[in-house]
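Please look at the model below with attention to the ligand and its surroundings.

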Amino acid sequence: MAGPNEPGTGRPPGFDTLAIHAGQDPDPLTGAVVPPIYQTSTFKQDGVGGLRGGFEYSRTANPTRSALEECLAALEGGTHALAFASGMAAEDCLIRTLCAPGETVIIPDDAYGGTYRLFAAVLARWGLRYVPVSLHDVAAVRRALAEHPARLVWAETPTNPLLGIADIAALAGAAHDAGARLVVDNTFASPRLQRPLPLGADVVVHSTTKYLGGHSDVVGGALVTADPGIAERAAFLRNATGGVPGPFDSWLTLRGVRTLGVRMDRHCANAARVAEMLRGHPAVAEVLYPGLPSHPGHAIAAKQMSAFGGMVSFRLRAGEDAAVAVCGRTRLFTLAESLGGVESLIEHPGRMTHASAAGSPLEVPPDLVRLSVGLEDGDDLLDDLREALRAVG
Ligand SMILES: Cc1ncc(COP(=O)(O)O)c(C=O)c1O
């Protein structure tokens, strides 16, 4: 963000100011306050090679997408962001930018099922090796790096769906000491709650489908880095392979990003109430929420996050059938995959988002339920869950 939107005191702008203004100066041609949707595939050249503003073809660059990218880079404390058609497109491009066939990646033993599937069922065939390690155990990561020299440590924190916490600064130290890069999937926290780049990560990856977009109306992904070399190579691969978001999807995502701060405040407040209620409920065996002092990662989460997020998972005493039944009995919590939107969602990871991890080291417990706690009135959410839990006894 430059010029007209700076506070004018020399003090750097705060997070919410960046969310609303970074990359979003009023349109110089018309004064439009909201960045226009440049719904065009190509751009007129003023003579061969005479590009206006560097734009030639929308797979390579598009002004609406550039506005989103500038904003995301500012929010994560990076210098470069690249937007993608989905979180998976961003992950695939990043891994193939940083690794070559025959190399090894340290992956978490708890992560989004689609990320595991990408390593196990797609990139393994390309010749990439992966070693699952419990990333909350930094000594185990160091041992794994000594045993399997790796190009990359891939982290998620908090993890999907077990809400595990990894110490980003400590992982960055372990990775860099071994000559590896650290990538952090920051989808669950969003940059409002956690900024991995200043903590030492080399690249942040997002499913912008989730909290950044925030309204369950658009699928997208992004990479953010402060390393111009990584950004340049990833931009080359993205342009060569083409997994870009369209202008309207970029615009929708950017519209969501502007309210990220206030949304995350409410997500966190509602999730804390839900976690507290579930903790005292007789049908619940365990609540997984990093905001609870009993969570093994609570101290690290408190150190590296400004609040504990909107995702809560819990296990049912009565087992898998009860977990499946609860998912079918809520009224406000909609039974659906995905997360991070204004509306509350409930799902059974074992049979839904993480079915692809069945039989692997990343398999999730069958009695697990995952909640994406939305922005509805907290009392209504608590009543809805209590009713559904009463029905399963
Ligand atoms: C933590 C995490 N990373 C990445 C992804 C993949 O993103 P997308 O669905 O936008 O491709 C997801 C999707 O659920 C996710 O939860």
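## The shell around the ligand

In this predicted model, the ligand is surrounded by 13 residues, of which the closest are Gly-87, Asp-185, Ser-207, Thr-209 and Lys-210. Among the elements that supply the shell around the ligand, helix H3, which covers residues 87-98, gives the most, with 3 residues. By residue class, the shell divides into 7 polar, 4 charged and 2 nonpolar residues.

## Polar contacts and burial of the ligand

A nitrogen atom of the ligand lies 2.6 Å from a polar side-chain atom of Asp-185. Oxygen of the ligand is involved in two further pairs: an oxygen atom is 2.9 Å from a polar backbone atom of Met-88, and an oxygen atom is 2.7 Å from an N or O atom in the side chain of Lys-210. Taken alone, the ligand exposes 390 Å², and the protein buries 90% of that area.

## Thr-208 in its loop

Thr-208 is placed in the loop that runs between strand S6 (203-207) and strand S7 (221-225). Is Thr-208 buried or exposed? Its relative accessibility is 3%, and because residues under 20% are classed as buried, Thr-208 counts as buried.

Leaving aside residues up to four places away in sequence, Thr-208 touches Leu-72, Gly-213, Gly-220, Gly-221, Ala-222 and Thr-253.

Methods
Residues are numbered from 1 along each chain as its sequence is written. This is a predicted model: local features need pLDDT of at least 70, side-chain atom pairs count only at pLDDT 80 or more; totals for chains, interfaces and linings use all residues. Side-chain values use heavy atoms; hydrogens and water are left out. Helices (H or I, at least four residues) and strands (E, at least two) are DSSP runs, numbered from the N terminus. Buried means under 20% relative accessible area, exposed over 50%, partly exposed in between (1.4 Å probe, protein chains only). Contact means heavy atoms within 4.5 Å. A residue is near a molecule or strand if one of its heavy atoms lies within 4 Å of it. A polar contact is a pair of N or O atoms within 3.5 Å; within protein, one must be able to donate a hydrogen and the other to accept it, and residues adjacent in sequence count only if both atoms are side-chain atoms. Accessible areas come from the Shrake-Rupley method with a 1.4 Å probe; for residues, only the protein chains shown count as cover. Ala, Val, Leu, Ile, Met, Phe, Trp, Tyr, Cys and Pro count as nonpolar, Asp, Glu, Lys and Arg as charged, and the others, Gly among them, as polar.
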